[in-house]
Amino acid sequence: MSETKKSLNFLEQIIEEDLAHGLDRANLKFRFPPEPNGYLHIGHAASICLNFGLGLKYNAPVNLRFDDTNPEKEEQEYVDAIKKDIEWLGFQWEEVLFSSDYFQQLYDWAVVMIKEGYAYVDDQTSNEIAEQKGTPTQAGTNSPYRDRPVSENLDLFQKMKDGEFEEGTHVLRAKIDMSSPNMLMRDPVMYRILKRSHHRTGKTWKIYPMYDWTHGESDYIEQITHSLCTLEFKHHRELYDWFLDRVYEPEMIRPKQREFARRNLSYTVMSKRKLLQLVEEGHVNGWDDPRMPTISGLRRRGYTPKSIRDFSETAGIAKRDNVTDLALLEFHIRAELNKTAPRVMAVLDPVKLVITNYPEGKEEMLTAENNPEDEEAGFRTVPFSRELYIEREDFREVANKKFFRLKLGKEVRLKNAYIIQANSVVKNEEGEITEIHCTYDPDSKSGSGSEASMRKVKGTIHWVSIQHALNAEVRLYDRLFTDEAPDSHKDKDFKEFINPDSLKLIENAYVEPSLATVAPGDNFQFQRLGYFNVDPDSTNDKLVFNRTVALRDSWAKIQQKK
RNA sequence: UGACCCAUAGUGUAACGGUAGCACUCCGGUUUUUGGUACCGUCAGUCAAGGUUCGAAUCCUUGUGGGUCAACCA
């Protein structure tokens with residue numbers, strides 16, 4: 001009975017209103033319209049989750065439509081990558097479509113517009129046209145070709161299409177209003193001549209339609225009810241509607257463009273241009289570098305589809321500019337991995353520990369729980385022996401009471417193993433500790449049920465058996481930028497804020513032998529350290545792990561306060 | 001010196017004229033063979049000034065602050 005009513009975001013409210021005013025629920029249809037000129041990022045993910053989420057909520061189809069009207073920038077490679085990312089996020093489109101599929105229809109409509117006096121061919125250069133545009137505060141002036149006869153326009157447009165003119169010599173323009181306060185309404189270009197091979201239509205077309213002319217008409221052809229885009233397209237809505245008026249038939253669905261604020265994330269940038277720059281200038285190792293906010297980068301970093309969907313859901317949709325805290329994304333990946341990632345032991349900064357009263361040559365297999373958060377996860381065994389590695393920072397010769405880890409003369413629990421007491425250290429000439437000598441309590445074996453095993457010891461540390469451990473490379477990632485909003489500073493380039501420590505490479509880490517058979521993409525929790533996944537670079541000979549995110553670390557906070 | 005959009009805890013969002021709520025972060029505590037998780041708790045907000053109203057985060061006016069718009073890009 002206690003049904004918590006979920007509040008609707010403003011777009012859902014618009015849809016509900018449309019439904020209430022007679023729109024048939026069965027006609028609801030959405031689309032996600034990427035341009036195949038780059039990789040998808042977390043901001044796109046918000047849009048994907050929005051559109052496909054609406055599709056799921058209303059049981060309505062969602063088309064994947066590639067907005068491919070510019071053959072100069074678009075490539076098949078991006079089409080494939082985009083499809084992969086959307087599927088990986090867990091969504092299914094109704095149809096894969098391309099704006100280029102509509103080139104003929106668009107052309108036919110343009111001819112009609114010319115005949116009706118709504119479009120004309122302009123022979124001026126782009127500079128001349130730009131000069132006549134005016135400014136936001138100043139009206140533009142009409143082109144000298146604006147009132148050329150329909151027959152001449154038809155003839156010229158035909159010749160543009162036939163490839164009789166060079167690039168840049170002619171454009172088709174909509175005849176609207178050169179004094180409109182909306183710059184986009186000042187006779188916008190509908191077609192330009194481009195003698196470029198298109199990734200799908202090849203050399204069929206010599207002229208290509210512009211975004212504004214294409215997008216709304218594509219929505220109309222597909223009978224999309226709600227065409228949702230980001231805020232910067234707000235001014236385009238007037239044009240979108242004007243173009244729609246040229247072709248709209250009353251018995252058809254009339255698509256509606258509505259705008260929402262794009263999702264920004266702190267400590268990163270979200271523009272394709274800037275991300276491309278990071279790739280091209282070598283600040284990162286490609287579009288799928290685990291530090292990139294791209295879907296492919298997040299995937300390689302170890303983020304899961306669900307964590308990204310949950311993030312988008314929690315962050316919500318609204319119309320104000322935002323910079324969402326990276327901590328929210330991290331919260332969701334920790335929440336999921338805590339429930340699903342198998343726990344294992346790995347030592348990243350090893351120091352040797354010798355258990356002097358443990359028989360030399362002896363080894364035993366100890367039982368370890370795979371995931372205390374998941375009863376189904378079961379148990380595994382880990383080998384134990386006389387010489388172990390522990391984390392260097394888990395030991396101090398002397399320390400105060402707040403330090404729960406190993407110190408001289410004190411006890412600590414080795415996770416899944418025995419209680420040990422540190423007795424002495426061996427140092428090298430530099431005074432660096434090379435070995436810690438300790439003794440163990442043979443009766444304190446974890447899970448043995450003995451009285452000694454039940455003893456409360458304040459600290460528990462992880463370890464690996466030296467002779468059984470596997471060598472691994474571990475890549476520790478941190479935020480790519482040191483500033484919350486690196487591209488928000490007018491006087492500074494965003495690259496000035498690149499974090500020099502965004503990648504810390506550990507070439508000689510040690511992991512427990514159960515990890516011998518992992519596959520790229522597998523997620524683990526390295527106990528007490530964080531969540532890690534297997535990088536595609538990983539091989540049987542050389543394991544490579546990426547740190548997805550560290551565990552929350554209250555000890556680090558205590559230390560920082562000092 | 002124009003048009004349009006936006007303004008709610010540190011961050012992101014709800015409240016649709018009727019008790020400002022949720023999540024993250026931060027801080028404190030309980031439990032714990034992960035200084036993790038879980039659980040409990042604390043701090044913290046309607047940009048400003050007027051107006052309408054019994055009652056305003058919500059409606060109106062003005063101001064302030066931020067954003068968008070002058071590609072043959074999308």
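Author: A residue is near a molecule or strand if one of its heavy atoms lies within 4 Å of it. This is a predicted model, in which local features need pLDDT of at least 70, side-chain atom pairs count only at pLDDT 80 or more, and totals for chains, interfaces and linings use all residues. Residues are numbered from 1 along each chain, chains are lettered from A, and side-chain values use heavy atoms, without hydrogens and water.

Reader: Which residues come nearest to RNA strand B?

Author: Gln13, Thr69, Arg320, Arg343 and Ser446, out of the 70 residues around RNA strand B.

Reader: And what does the side chain of Arg192 sit by?

Author: An N or O atom of the Arg192 side chain is 2.8 Å from a phosphate oxygen of RNA strand B.

Reader: Which residue has a polar side-chain atom 3.1 Å from a base oxygen?

Author: Arg413. For His236, a side-chain N or O atom is 3.2 Å from a base nitrogen of RNA strand B.

Reader: New topic. At what angle do helix 11 and helix 12 pack?

Author: Helix 11 (residues 305-315) and helix 12 (residues 326-340) pack at about 135°, with axes 9 Å apart. Helix 11 is therefore oblique to helix 12. Angles under 35 degrees count as roughly parallel, over 145 as roughly antiparallel, 65 to 115 as roughly perpendicular, and the rest as oblique. Helices here are DSSP runs of H or I with at least four residues.

Reader: Which residues make the contact?

Author: Among them are Phe311 of helix 11 and Leu328 of helix 12, where contact means heavy atoms within 4.5 Å.

Terms used
Axes fitted to C-alpha atoms, helices over the stretch in contact; angles between N-to-C directions. Helix = DSSP H or I, 4+ residues; strand = E, 2+ residues; numbered from the N terminus. Polar contact = N/O pair within 3.5 Å; in protein donor to acceptor, adjacent residues only side chain to side chain.
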